[in-house]
Amino acid sequence: MPVMKFPRYLALIWAAAWLPCIAAAQGVPGSTSRPASRPNILLVTVDDLSCDSIGAFGCKLPGTSPNVDQLAAEGLRFAYAHVHTGACAPSRNAILSGRYPHNNGVEGFYQVRNINYPVMADLMRVGGYFVGIRHKVSHSTPYHPYQWDQVLDQAPDGTRRHGKDAASYGESVRQGIAAARAAGKPFCLNINVADPHKPFHAEGRRGETIADPHAPSRVFTPEEVVVPGFLPDDPVVRKELAHYYSSVRRADDGVGEILKALAKSGEAERTVVVFLSDHGMPLPFAKTQVYHHSTRTPLIAGRRDRRASHGPGRRPAPHAARHRGHRTPQGVGRPHDPSAAQGR
Ligand SMILES: [Ca+2]
């Protein structure tokens, strides 16, 4: 099976999602009408998670990801997808701009202004969508602050949501969907779960075990974890991996809360869910490196509609590619040509 490389592939997913709405709203930027053909988009990312930490992608430790596994069973699972780079900001900017880091300018953790290309937030907003984001806000666009309709990091009462609180991700989704409805628009929400990025669950700065108020639904022990072949099997590594896998489970808890909120909203069957990790685990030979486990990502995409389910392991229908060459209607935002997206 060929390797799917970003950023072109996600650009095609965006195209599949937003092009029908452009066709329906030609010359009507910001239209509040809601053609039935316009799906919502829910882009869910996890932070620093290796592809093979997910059950549906071959994790040998049972129970790390029941919610993501269910999502994979309902959608399209890309067994050989890779992000472009093993670091957060360049990876996320490549995905959301459709351009390699050396072409979008975001090759590291710094801001790039005066860009000459659109990013997802621009394209979807121009297409009549309500665009919202939770967490990783400054890492997801070339510069910050950027024009999102809403940042979902805070509750309506101004309380800042904790990144390690799984339930809070469901609250962000509910808040974003409610705001989109109030605006009379379909939604495009980018919900970025903070786990399993360090600090890991219940791990202190020196590797000691500490109290953690944000408990995952399952905690793994050093004795039961599987040690990747690129790490030595010793007690220190096993303890670190136990904290990591518990954090993977907490990330999965967050995904579960997101999907639960989507289901309760009544929008699930009109929503395309895309899931992936920005790069591999924050341990040697993965994050910030260029090894296999640095860039392989557990990409899942699909409409949360049983009628549209293709089953796990299937290749995508080529409908997205048919839209290549489409251009944003004249005079609406900046010109965009998905066929210019790089990668394959
Ligand atoms: Ca990251």
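**The sheet and its surroundings**

Modeller: Seven strands make up an open sheet, with mixed pairing, and their order is β3-β9-β8-β2-β7-β5-β6. The edge strands, each pairing on one side only, are β3 (76-78) and β6 (150-151). Keep in mind that this is a predicted model.

Colleague: Okay, so which residue in β6 does Ile133 stand opposite?

Modeller: Start with the strands. β5 covers residues 130-134, and two bridges join β5 to β6, the two running parallel. In general, strands of a sheet pair through backbone hydrogen bonds, either parallel or antiparallel. Across from Ile133, the residue in β6 is Val151.

Colleague: At about what angle to β2 does helix α7 run?

Modeller: Helix α7 takes in residues 235-265. The helix lies across three strands, namely β2 (40-46), β7 (187-192) and β8 (271-277). Angles here run from 0 to 180 degrees between N-to-C directions. For α7 and β2, the angle is about 170 degrees.

Colleague: Is Asp48 buried or exposed?

Modeller: Asp48 sits in the loop between β2 and α2 (66-74). Its phi is positive, about 70 degrees, although Asp48 is not a glycine. To decide, count neighbours: 20 or more other C-beta atoms within 10 Å is the cut-off for buried. Asp48 has 28 of them, so Asp48 is buried.

Colleague: What about Ala202: buried, exposed or partly exposed?

Modeller: Ala202 lies in the loop between β7 and α7, and its phi is positive too, near 60 degrees. Ala202 has 19 other C-beta atoms within 10 Å, so the label is partly exposed.

Colleague: Last one! How far apart in space are Arg113 and His144?

Modeller: Arg113 is in the loop between α4 (101-104) and α5 (120-126). Arg113 is exposed, because 7 other C-beta atoms lie within 10 Å. In sequence, Arg113 and His144 are 31 residues apart. In space, C-alpha to C-alpha, the distance is 9.1 Å.

Terms used: Residues numbered from 1 in each chain as written. Predicted model: local features only at pLDDT ≥ 70, side-chain atom pairs only at ≥ 80, totals over all residues. Pairing = 2+ DSSP bridges. Helix = DSSP H or I, 4+ residues; strand = E, 2+ residues; numbered from the N terminus. Contact = placed C-beta atoms within 7 Å. Buried ≥ 20, exposed ≤ 12 C-beta atoms within 10 Å, placed from the backbone.
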